[in-house]
Amino acid sequence: MHRKVLGSGLLLCSVRAVLVAQTAIAPKPPFTAAEAEHGKQIAAKSLEIRAQITNMRDPAEPFKIMGNLYFVGVANGEVYLLTSPQGHILFGAAFPDTIDQIEKNIQAVGFKLSDVKAILLNHNHQDQSGGAFTLKEKSGAQVMAGFAEIPFLEHGGALPAGTPVANYIPPAVPGKKAPVAGGAGGGGQYPPVKVDRALYDGDVIKVGPLTVTAYLAPGHSPSPTSWLYTVKENAKEYRVFEFCCWEYPDDLSRNAYINEASVRHTLALFRKVLPVDIYLETGAYGWSGTLNQPSGTIQERMAKLKTDNKLFVNRDIFRDWSAAREVEFEEKLLKLRSSNSVYK
């Protein structure tokens, strides 16, 4: 009797596996299968370009993205400046040892660090927030971040020993480097920075005439905060969306912040912000302008954007990328449901 039950169970698992393999997932309307397929190509191209960035700290030339929005970061991207006569907003702070580069880049595009009134941090990792303390000290700006990032930011990238997340150690994977406690700190600590304002979904940040709406998308960290705003050039307005970072691994046990509910929240956010004219990931490898070119190295693509900023404008890129991510999520969720009782 036991053998029969065991055999039936194995047969059921095999049937589920076959069904998962044969099930074609289509994106929900108004996304189309063609858009999702194009989005998969965009995502693959982004990964290919990302591999070309051998040192994320390398200097990069600053330039105008569109209107009053400038890139002032390092090789990996990370830092943007939105300007106004009444003060500026800085998105991201890069690494602790790239502060001088950021300040020089701000000066190179004709502005002063001392006129920055708000520093908006997407998440607590070193490449995004490492320079926040010093940039805040130099500018006198307010630092703002998603509410769940604040304990990490105010402890320099990792929670004190003894806190639950700091002690969270994902299971080891054969053939890969063993994970370490406090891995949510993002690959290195940095000077702690006092956060002046905690942000929640839909919060609005204003500096003079500048208006930025914050949206939380948990996953890469507890509450990465994306930014939606509008820039204008030659009397034309462009919707800009900054996001980090899409993650939905096959093994959910390796991330404390990714689950079905949080990802569905993120997918709903993607739909909410459409249409997006200019898409900026925290890394330059995911910019709409970088991906809106048929070929070239990351350096060649960024150089091209300095001379032709209209390459940034392409509504298809974020729409199709969103469609592809929705399909990817549903496919992986289907596999999880066939093998993990939590998701059945």
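Modeller: A salt bridge here is a side-chain nitrogen of Lys or Arg within 4 Å of a carboxyl oxygen of Asp or Glu. The structure under discussion is a predicted model.

Colleague: Which residue forms a salt bridge with glutamate 330?

Modeller: The closest N and O atoms of the pair are 3.0 Å apart, and the cut-off is 4 Å. The link joins distant parts of the chain, with glutamate 330 in helix H10 and its partner in helix H7 (residues 260-273), 66 residues apart. The partner of glutamate 330 is arginine 264.

Colleague: Is glutamate 330 buried or exposed?

Modeller: Buried means under 20% relative accessible area. Arginine 264, at 33% relative accessibility, counts as partly exposed. Glutamate 330 has a relative accessible area of 15%, so this residue is buried.

Colleague: Which residues are linked with Arg264 and Glu330 in a network of salt bridges?

Modeller: A search of the whole structure finds 18 salt bridges. The network that holds Arg264 and Glu330 also includes Lys28, Glu260 and Arg337.

Colleague: Why are glutamate 328 and arginine 325 separated by about one helical turn?

Modeller: These two side chains form a salt bridge, with the closest N and O atoms 2.8 Å apart. Arginine 325 is buried, at a relative accessible area of 15%. The separation is about one helical turn because both residues lie in helix H10, three residues apart.

Colleague: How are H2 and H10 oriented to each other?

Modeller: The axes of helix H2 (residues 33-50) and helix H10 (residues 315-339) come within 7 Å and cross at roughly 95°. By class, their contact has eight nonpolar, two polar and five charged residues. Among the residues that meet are Glu35 and His38 in H2 and Trp321 and Arg325 in H10. Angles of 65 to 115 degrees count as roughly perpendicular, and H2 and H10 are therefore roughly perpendicular.

Colleague: Which strands are the edge strands of the open sheet of seven strands?

Modeller: The sheet has the order E1-E2-E3-E4-E5-E6-E7, with mixed pairing. Its neighbouring strands are turned by 25° against each other on average, direction ignored. Each edge strand pairs on one side only, and these are strand E1 (63-66) and strand E7 (197-199).

Colleague: How many residues apart in sequence are lysine 64 and glutamate 233?

Modeller: Their side chains meet in a salt bridge at 3.1 Å, N to O. Lysine 64 is partly exposed at 35%, whereas glutamate 233 counts as buried at 11% relative accessibility. Lysine 64 lies in strand E1 and glutamate 233 in strand E10 (residues 225-233), so the pair ties together parts whose separation in sequence is 169 residues.

Technical notes
Residues numbered from 1 in each chain as written. Predicted model: local features only at pLDDT ≥ 70, side-chain atom pairs only at ≥ 80, totals over all residues. Heavy atoms only, no water. Axes fitted to C-alpha atoms, helices over the stretch in contact; angles between N-to-C directions. Helix = DSSP H or I, 4+ residues; strand = E, 2+ residues; numbered from the N terminus. Parallel < 35°, antiparallel > 145°, perpendicular 65-115°, else oblique. Contact = heavy atoms within 4.5 Å. Nonpolar A, V, L, I, M, F, W, Y, C, P; charged D, E, K, R; others polar. Pairing = 2+ DSSP bridges. Buried < 20%, exposed > 50% of the residue type's maximum accessible area, 1.4 Å probe, protein only.
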